[in-house]
Amino acid sequence: MMLAYVRLEIRRTLRDTGFVIVGIATPLLMYVLFTNIGASDSAKDSMDYARYSMIGMAAYGALGAALAVGPGVAEDKARGWLRQLRVTPLSPFQVVVGRALTAGVTVLPAIVSVFAAGALVNGVRLAAWQWAAAAGLMWLGTVPFTLLGLGNGYGFSAQTTGVVSMASMMGLSVIGGLWFPVDAFPHWLASISRWTPTARFGDLGWSVLAHHGPGAGTLSVLALWLVLFAGYAVFSYRRSARTV
Amino acid sequence: MTEAARFRAVGKRFGAVQALRGLDLGIAAGETLALLGRNGAGKSTTIALLLGLDRPDDGEVELFGGVPEAAVRAGRVGAMLQEGQPVPRATVKELVSFVASTYPRPLPWREALELAGIGELAERRADRLSGGQAQRLRFALAVAGGPELLVLDEPTAALDVEARRAFWRSMRAYAGRGNTVLFSTHYLEEADGNADRIVVLDQGRTVADGTGEAIKRAVGATLVAFDLAGGSTRGLRGLPGVLALEVRGDRAVLRSSDSDATVLALAAAGLVRGLSVTPASLEDAFLTLTAHDSAGADARTDASAGAGTGAGTGTGATPDPAQSYEEAAR
Ligand SMILES: Nc1ncnc2c1ncn2[C@@H]1O[C@H](COP(=O)(O)OP(=O)(O)O)[C@@H](O)[C@H]1O
Ligand SMILES: [Mg+2]
């Protein structure tokens with residue numbers, strides 16, 4: 001019965017124009033535009049950027065898709081749907097897990113479509129294992145952001161959640177170097193960037209491109225954020241349980 | 001008769017507001033019970049506690065012999081809550097069949113839609129329904145799981161007269177299958193026309209409990225009015241049969257359970273100018289039970305005392321509601 005819930009939520013998410021724009025169309029469009037306009041010094045530079053940005057934009061889209069769970073939950077809360085679900089046999093815990101699983105599916109289009117554009121439009125060539133490892137690791141890497149989204153959704157009103165999600169998405173993307181390489185940042189910003197969950201999320205893919213895979217630093221920073229966001233989600237969820 | 005639910009001395013507080021005060025209430029399996037009360041009487045609070053959406057501060061609530069959550073998890077309950085708008089980006093059919101799928105013995109989704117009278121709206125997006133259609137979708141969601149107990153919190157609030165009639169037909173059809181129904185309303189007409197038994201709730205406690213007939217009898221079905229002509233109302237409440245007193249303009253309006261005795265007493269006192277004796281409407285009767293303003297405090301106590309003799313529970317030492325129900329039913 002939780003699967004029926006996940007199925008319903010996936011449909012509802014994919015019908016959401018806002019979601020399709022933020023979670024699929026924008027990253028795809030930005031990727032194709034950023035990598036094809038503006039003169040580059042050499043073919044090698046532009047291929048480097050096409051590869052770097054492919055990961056960056058896939059991460060940006062997946063981040064948007066994962067955070068979109070927040071406004072979705074907040075809206076259902078505001079409309080009394082979460083309360084309605086509480087009088088069905090579905091438990092509130094199954095509902096929150098169902099939402100997380102839904103995000104596990106709805107983050108995929110962003111990753112897959114930007115990767116496809118990389119291969120088909122920009123001619124990025126990777127070994128088969130690299131495609132699979134980059135996509136798989138980035139897919140797993142969305143979990144902390146889904147938890148952040150759940151925390152926002154259960155914690156705030158529908159309107160506030162929208163603003164908070166948008167702000168965290170933009171801020172984390174830029175500071176995390178998903179839009180522009182961190183090399184271009186001033187020193188102080190670059191050192192902050194290393195601690196963001198998004199920079200490390202991107203590194204899951206970039207490290208695969210560099211043939212070695214994520215190091216201990218990336219994994220531990222991500223684990224830290226995972227714990228932090230999980231705590232935030234649990235806190236918001238518990239607090240809302242009293243009012244939903 | 002077996003019991004579907006039972007409230008035992010249930011109290012519930014929200015900050016300074018005491019929403020329920022020692023509520024005792026039993027719901028028999030298979031009956032249709034109306035929870036009647038004006039806004040703020042505690043109907044939604046009672047329903048939230050019954051469904052396990054909230055916990056009582058005092059006393060206990062039992063649903064199908066266990067805690068409410070267990071009955072809800074077991075799929076024995078369906079509910080239409082007071083607040084709630086349809087969620088966007090899903091069709092009527094998707095929502096109803098999803099909710100049905102969470103129950104062990106659901107109705108086929110088409111049957112739930114037919115029962116709610118929205119069979120032709122299956123493919124419509126839920127957020128594109130009119131107010132009345134949305135209300136019926138919420139009814140379809142409540143019955144989709146084929147629950148033994150159906151709970152409806154002010155289900156006709158947004159409906160016009162025609163839609164109301166259709167709604168109550170649907171409700172009775174569902175009740176007619178042997179299910180238990182609890183609904184809340186602030187119209188005595190609706191309660192009287194659609195329930196086997198009415199529990200009148202006021203300020204968080206039951207002030208009457210019985211059939212519609214018994215309640216009407218208990219609250220005094222007659223209004224005796226006369227011109228005060230500047231005279232005082234002193235002593236009028238103490239006259240035989242008088243349950244409540246109201247002053248409208250220069251007329252004193254007495255609600256009486258025994259109009260003959262009241263009229264004789266008035267005649268003896270020489271208070272017969274413009275005397276009229278009229279039957280009270282159901283809404284008048286209900287207002288008497290739940291009046292708080294002007295003559296309010298007294299009227300309420302009087303009405304409860306009256307209700308105690310005929311139909312049910314008074315204030316203070318509250319008799320067992322199930323027992324008073326049987327009394328009223330005789
Ligand atoms: N969540 C809440 N917070 C504060 N007060 C509440 C809350 N829910 C109900 N109340 C108060 O409790 C009383 C009973 O409310 P309610 O059960 O909703 O009445 P009804 O459904 O009969 O209109 C009212 O005075 C209402 O203002
Ligand atoms: Mg209410």
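Visitor: Leaving aside its neighbours within four places in sequence, which residues is Arg164(B) in contact with?
Guide: In this predicted model, Arg164(B) is found in helix α6 of chain B, which covers residues 161-175. Once the neighbours within four places in sequence are set aside, the residues in contact with Arg164(B) are Thr156(B), Ala157(B), Leu159(B), Tyr187(B) and Glu190(B).

Visitor: Is Arg164(B) buried or exposed?
Guide: The relative accessible area of Arg164(B) is 17%, and a residue counts as buried when this value is under 20%. Because 17% falls under that cut-off, the word for Arg164(B) is buried.

Visitor: What percentage of the residues of chain B count as buried?
Guide: Chain B has 12 helices and 13 strands, and it exposes about 13,300 Å², with carbon and sulfur atoms supplying 49% of that area. Taking the 330 residues of chain B, the part that counts as buried is 54%.

Visitor: Which element gives the largest share of the shell around ligand 1?
Guide: The residues around ligand 1 include Phe14(B), Val17(B), Arg38(B) and Lys43(B), and the shell divides into 4 nonpolar, 5 polar and 2 charged residues. Backbone N or O atoms also lie close to oxygen atoms of the ligand, at 2.9 Å for Gly42(B), at 2.8 Å for Lys43(B) and at 2.8 Å for Ser44(B). The largest share, 3 residues, comes from α1(B).

Visitor: What percentage of the area that ligand 1 exposes when taken alone does the protein bury?
Guide: Among the atoms beside the ligand is a backbone N or O atom of Ser44(B), which lies 2.8 Å from one of its oxygen atoms. Taken alone, ligand 1 exposes 560 Å², and the part of this that the protein buries is 60%.

Visitor: What is the area buried between chain A and chain B?
Guide: The size of an interface is often given as the accessible area lost when the parts come together. Here 23 residues of chain A are in contact with 27 residues of chain B. Carbon and sulfur atoms give 57% of the area buried between the two chains, and the whole of that area is about 2,500 Å².

Visitor: How far apart in space are Leu67(A) and Met54(A), C-alpha to C-alpha?
Guide: Leu67(A) is found in helix α3 of chain A, residues 43-67, and at 1% relative accessibility it counts as buried. Along the sequence, Leu67(A) and Met54(A) are 13 residues apart, while in space their C-alpha atoms are separated by 20 Å.

Visitor: Not counting residues up to four places away in sequence, which residues does Gly64(A) touch?
Guide: Gly64(A) also has its place in helix α3 of chain A, and at 4% relative accessibility it counts as buried. With residues up to four places away in sequence left out, Gly64(A) touches Val22(A) and Met169(A).

Note on methods
Residues are numbered from 1 along each chain as its sequence is written. Chains are lettered from A and ligands numbered from 1 in the order in which they are written. This is a predicted model: local features need pLDDT of at least 70, side-chain atom pairs count only at pLDDT 80 or more; totals for chains, interfaces and linings use all residues. Side-chain values use heavy atoms; hydrogens and water are left out. A residue is near a molecule or strand if one of its heavy atoms lies within 4 Å of it. A polar contact is a pair of N or O atoms within 3.5 Å; within protein, one must be able to donate a hydrogen and the other to accept it, and residues adjacent in sequence count only if both atoms are side-chain atoms. Accessible areas come from the Shrake-Rupley method with a 1.4 Å probe; for residues, only the protein chains shown count as cover. Helices (H or I, at least four residues) and strands (E, at least two) are DSSP runs, numbered from the N terminus. Ala, Val, Leu, Ile, Met, Phe, Trp, Tyr, Cys and Pro count as nonpolar, Asp, Glu, Lys and Arg as charged, and the others, Gly among them, as polar. Buried means under 20% relative accessible area, exposed over 50%, partly exposed in between (1.4 Å probe, protein chains only). Contact means heavy atoms within 4.5 Å. Buried area is the accessible area (1.4 Å probe) that two parts lose on being put together, summed over both.
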